[in-house]
Amino acid sequence: MSDSTSETVKKAIIKQVLIESQSANARTLMEKIGENCFNSCVPKPGSSLSSSEKTCVNQCTEKYMAAWNVVNQTYIRRVQQEMGNQ
């Protein structure tokens, strides 16, 4: 295998690993949002959510998503830097 072919295969593998990692991270994020926001915002679950519980869940979800986006963007930049250094 030539160096260029090897490099192409390597980049394809890295890309696939990143995609799978992002997918797993998104699933984990949704699980954590569900667990933490619901537990924090709904102290006594019932048949429906009050308006204050809905507001709390929405705000909590937005905070988790914002934090996840920052972490994800930082991670992607780091991986791109590492790929550029090779």
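# Disulfides and helices

Q: Does Cys41 count as buried or exposed?
A: Cys41 counts as buried, because its relative accessibility is 6%. Buried here means under 20% relative accessible area, exposed means over 50%, and partly exposed lies in between, with a 1.4 Å probe and protein chains only.

Q: What kind of model is this?
A: This is a predicted model, in which local features need pLDDT of at least 70 and side-chain atom pairs count only at pLDDT 80 or more, while totals for chains, interfaces and linings use all residues. Residues are numbered from 1 along each chain as its sequence is written, and side-chain values use heavy atoms, with hydrogens and water left out.

Q: Which residue is joined to Cys41 by a disulfide?
A: A disulfide joins Cys41 to Cys56, with an S to S distance of 2.0 Å. Cys41 lies in helix H1 and Cys56 in helix H2, so the pair ties together parts that are 15 residues apart in sequence. Helices (H or I, at least four residues) and strands (E, at least two) are DSSP runs numbered from the N terminus. A disulfide is called when two cysteine sulfur atoms lie within 2.5 Å.

Q: And what does Cys56 count as?
A: Cys56 counts as partly exposed, because its relative accessibility is 27%.

Q: How many disulfides does the structure hold?
A: There are two disulfides in the structure. The other link joins Cys37 to Cys60, with S to S 2.0 Å. That pair links distant parts of the chain, with Cys37 in helix H1 (residues 3-41) and Cys60 in helix H2 (residues 51-84), 23 residues apart.

Q: What is the pairing, with the bonded cysteines numbered in sequence order?
A: The pairing is 1-4, 2-3.

Q: What does Cys37 touch, leaving out residues up to four places away in sequence?
A: Cys37 touches Lys32, Val42, Val57, Cys60, Thr61 and Tyr64. A contact is defined as heavy atoms within 4.5 Å.

Q: Which residues make up the largest nonpolar core?
A: Seven residues do: Leu29, Ile33, Cys37, Cys41, Val42, Val57 and Cys60. H1 and H2 are the elements that give two or more residues to this core. The largest share, four residues, comes from H1. A nonpolar core is a set of buried Ala, Val, Leu, Ile, Met, Phe, Trp, Tyr and Cys residues joined through side-chain atoms within 4.5 Å.

Q: Changing topic, how many salt bridges does the count come to?
A: The count comes to one salt bridge, where a side-chain nitrogen of Lys or Arg must be within 4 Å of a carboxyl oxygen of Asp or Glu. Lys32 forms the bridge with Glu35, and their closest N and O atoms are 3.9 Å apart.

Q: Where do Lys32 and Glu35 lie?
A: Both lie in helix H1, three residues apart, which is about one turn of the helix. Lys32 counts as partly exposed at 39% relative accessibility, and Glu35 counts as partly exposed at 40%.

Q: How many helices and strands does the protein chain have?
A: The protein chain has two helices and zero strands. Its radius of gyration is 19 Å, well over the 12 Å that the globule rule gives for 86 residues, so the chain is more spread out than a compact globule. The radius is taken over C-alpha atoms, and the rule is 2.2 Å times the number of residues to the power 0.38. Along its principal axes, the C-alpha trace spans about 65 × 20 × 15 Å.

Q: What share of the 86 residues counts as buried?
A: Of the 86 residues, 13% count as buried.

Q: Which residues does UniProt list for the domain?
A: The unreviewed UniProt entry lists residues 15-76 as "domain: Tim10-like". UniProt positions follow the numbering used here, feature names are shortened, and annotations may be inferred rather than shown by experiment. In the model, residues 15-76 are 85% helix and 0% strand, and the end C-alpha atoms of the span lie 11 Å apart.
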